[in-house]
Amino acid sequence: MERSPYFHNRLMRWHSSLAKLTFWSFMFLGLILIFFFRSPSFNPLPQDPSRRSLRTYNWGGPAWEKRVRSSARIRSPNGISVLVTGAAGFVGTHVSAALKRRGDGVIGLDNFNDYYDPSLKRARQALLERSGVFIVEGDINDSTLLRKLFEVVAFTHLMHLAAQAGVRYAMQNPGSYVHSNIAGFVSLLEICKSANPQPAIVWASSSSVYGLNTRVPFSERDRTDQPASLYAATKKAGEEIAHTYNHIYGLSLTGLRFFTVYGPWGRPDMAYFFFTRDILKGKSISIFEASNHGTVARDFTYIDDIVKGCLGALDTAEKSTGSGGKKKSPAQLRVYNLGNTFPVPVSDLVSILERLLKVNAKRKIMKLPRNGDVQFTHANISLARRELGYKPKTDLQGGLKKFVRWYLSYYSGGKKAAG
C-alpha cells in the first residue's frame with residue numbers, strides 16, 4: 001500500500017526530531033562528563049594542595065607486604081599490633097616510636113599532605129624508618145588500601161591520629177576538615193567493624209570540643225555542644241560517630257581530648273613554633289588578648305606526657321565485642337582529657353622563649369579575632385589519672401627548653417628553611 005504524502009511528511013519530521021534529540025542528548029551527556037572530569041571533587045589532585053584528598057599511591061605486591069609484616073611483627077611477650085594513622089604527624093611520630101621501643105608491632109599510615117611543610121613529615125618518616133617503623137603512604141578514605149592492610153595484618157589496636165588540624169585554617173578550607181575528620185573517621189570505622197578480629201580503637205579528639213563552655217577546669221562531664229570553630233565541630237561529630245559505631249557494631253572506642261600539645265618535631269602552625277621562628281628572624285609577633293584586656297591562656301601539654309596517655313589508653317582498652325559487622329555484647333566507650341592542668345598566659349610563653357633564645361621579642365598586642373580561637377583551656381585530668389595512670393610531669397619551662405634545643409639543631413646552618 002502506498003504511503004500518503006501526509007504520512008510521509010509525518011515520518012520525515014519524526015526522523016528529524018529523533019536525530020535532533022539524539023544529537024542534543026549526546027551534547028548534554030558530553031557536557032556532564034566534561035564538568036564531572038574537570039570538577040575539583042573528581043580531580044585526585046585538587047587546585048588547593050593543602051586539602052586532604054584521596055590520591056593514588058604505589059602500594060601492594062610481595063615486597064610491600066613483606067615490609068608491612070616486618071614492621072607489624074610483635075617483639076615483646078605481651079605486645080600488641082597497632083595501625084597508627086597520621087604516623088608522620090607530630091603526635092603520631094612520637095607514639096609510633098614509643099610503641100616500637102617497647103616491642104609492639106607498628107604500621108604507620110599517612111598521606112603526607114602539605115597543610116604544613118611536607119619535608120618535616122618526611123624527616124619524621126626517616127626517623128621512624130631508622131627505628132623499624134614502616135609508614136604506608138595513603139589516604140584514610142582509601143577503603144581498598146585499608147582493607148588490604150587488615151588482610152595482611154590482624155591488628156589488635158588502631159591508634160587514629162590522622163586529622164586536618166588547625167582552628168583558623170577551617171575558615172579557608174572547610175572541606176578538608178569534613179573529608180579528613182568526619183569522612184576519614186567513618187572510612188576507618190567501616191573497615192574495623194567488619195574486621196575479624198575487630199581492633200580496639202583509640203583516637204584523637206580535641207580540647208576544642210569544649211567550645212564556649214565557661215566551667216573550669218574542663219571536665220569530661222561538661223557540655224560540648226557549643227563548638228567555637230568548624231574544627232571543633234568536626235571533632236565533636238567524631239565523638240558522636242564513635243558512640244554510634246560502639247552502640248551498633250560493638251567497637252571498643254576511646255577518645256582522647258588533647259590540650260595544646262607541644263615539643264620537639266612539633267607542628268609549625270602552632271604558636272610556640274612560629275613564635276620561635278619569628279623571634280629569631282626579628283619579626284614582630286602577635287599576642288592576642290580577650291575583650292576588656294582579658295588574658296589568653298592555654299593548658300600547654302608536653303609531647304612525652306601525651307604519649308604516656310596514649311599508651312595508657314591502648315593498654316587499658318578492652319577488646320571489641322563484634323564479629324563480621326555484628327555486635328555480640330556491649331563494648332567499652334570512653335573519653336579522657338589529656339592536659340597539663342596548669343594554664344599559662346600566652347604572654348608568659350613568649351617570655352620563656354625570649355630567655356631561652358636570648359632574643360627580645362617584638363610584641364604586638366591584638367584583640368582575639370573571631371576565628372574560632374577561645375580565650376583559655378584548662379584540663380581536669382582526674383579521670384585519666386585514675387583510669388589510665390596519666391601523670392604529666394613536664395612544665396612549660398622544661399618542655400620549651402627541649403623544643404628550642406631541637407629547633408636550633410634541626411634548622412641550624414641554614415640547611416632547612418623554617419618557613
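Figure 1. Among contacts in the protein chain between residues at least 6 apart in sequence, 82% join residues at least 24 apart, where contact means heavy atoms within 4.5 Å. This is a predicted model, in which local features need pLDDT of at least 70 and side-chain atom pairs count only at pLDDT 80 or more, while totals for chains, interfaces and linings use all residues. Residues are numbered from 1 along each chain as its sequence is written, and side-chain values use heavy atoms, with hydrogens and water left out. The protein chain has 12 helices and 15 strands; helices (H or I, at least four residues) and strands (E, at least two) are DSSP runs, numbered from the N terminus. Of the 419 residues in the protein chain, 53% are buried, meaning under 20% relative accessible area, with exposed over 50% and partly exposed in between (1.4 Å probe, protein chains only).

**Figure 2. Strand β6 and its two partners.** Here we look at residues 253-258, which form β6, and six of its six residues are buried. In a regular strand the side chains alternate between the two faces of the sheet. L253, G255 and R257 point one way from β6, and T254, L256 and F258 point the other way. Strand β5 (residues 200-204) pairs with β6 in the parallel sense over four bridges; two strands pair if DSSP finds at least two bridges between them. W203 has G255 as its bridge partner in β6. Strand β13 (residues 333-338) also pairs with β6 in the parallel sense, over six bridges, and R334 in β13 stands opposite T254. Do follow the chain from β5 through helix α7 (residues 230-249) to β6, as these make a right-handed β-α-β unit: with the strands pointing away from the viewer, the path from the first strand over the helix to the second runs clockwise.

**Figure 3. The second largest cavity.** Its volume is about 50 Å³, and a search of the whole structure finds two cavities of 30 Å³ or more. On a 1 Å grid over the protein atoms alone, a cavity is a set of points where a 1.4 Å probe fits but cannot get out, and lining residues have an atom within 4 Å of a point. Grid points are joined across faces, edges and corners, and a volume is the space filled by probe spheres set on the points. Among the residues that line the second largest cavity are H160, N181, F185, W203, T234 and K235. Helix α6 (174-194), β5 and α7 each supply at least two residues of this lining.

Figure 4. F134 lies in strand β3 (residues 134-137) and is buried, with a relative accessible area of 9%. Among the residues that F134 touches, not counting those up to four places away in sequence, are W64, R67 and I107. S81, in strand β1 (residues 81-85), is buried at a relative accessible area of 5%. Beyond its neighbours within four places in sequence, S81 is in contact with residues including A72, F155 and H157.

**Figure 5. Backbone details in the loops.** The peptide bond from N196 to P197 is cis, with omega near 10°, and P197 lies in the loop between α6 and β5. Another cis peptide bond joins V216 and P217, with omega about -10°. W265 has a positive phi near 65° and is buried, with a relative accessible area of 15%. K358 has a positive phi near 60°, but K358 is exposed at 73% relative accessibility.

Methods:
On a 1 Å grid over the protein atoms alone, a cavity is a set of points where a 1.4 Å probe fits but cannot get out, and a pocket is an open set with protein on both sides within 12 Å along at least five of seven lines; lining residues have an atom within 4 Å of a point.
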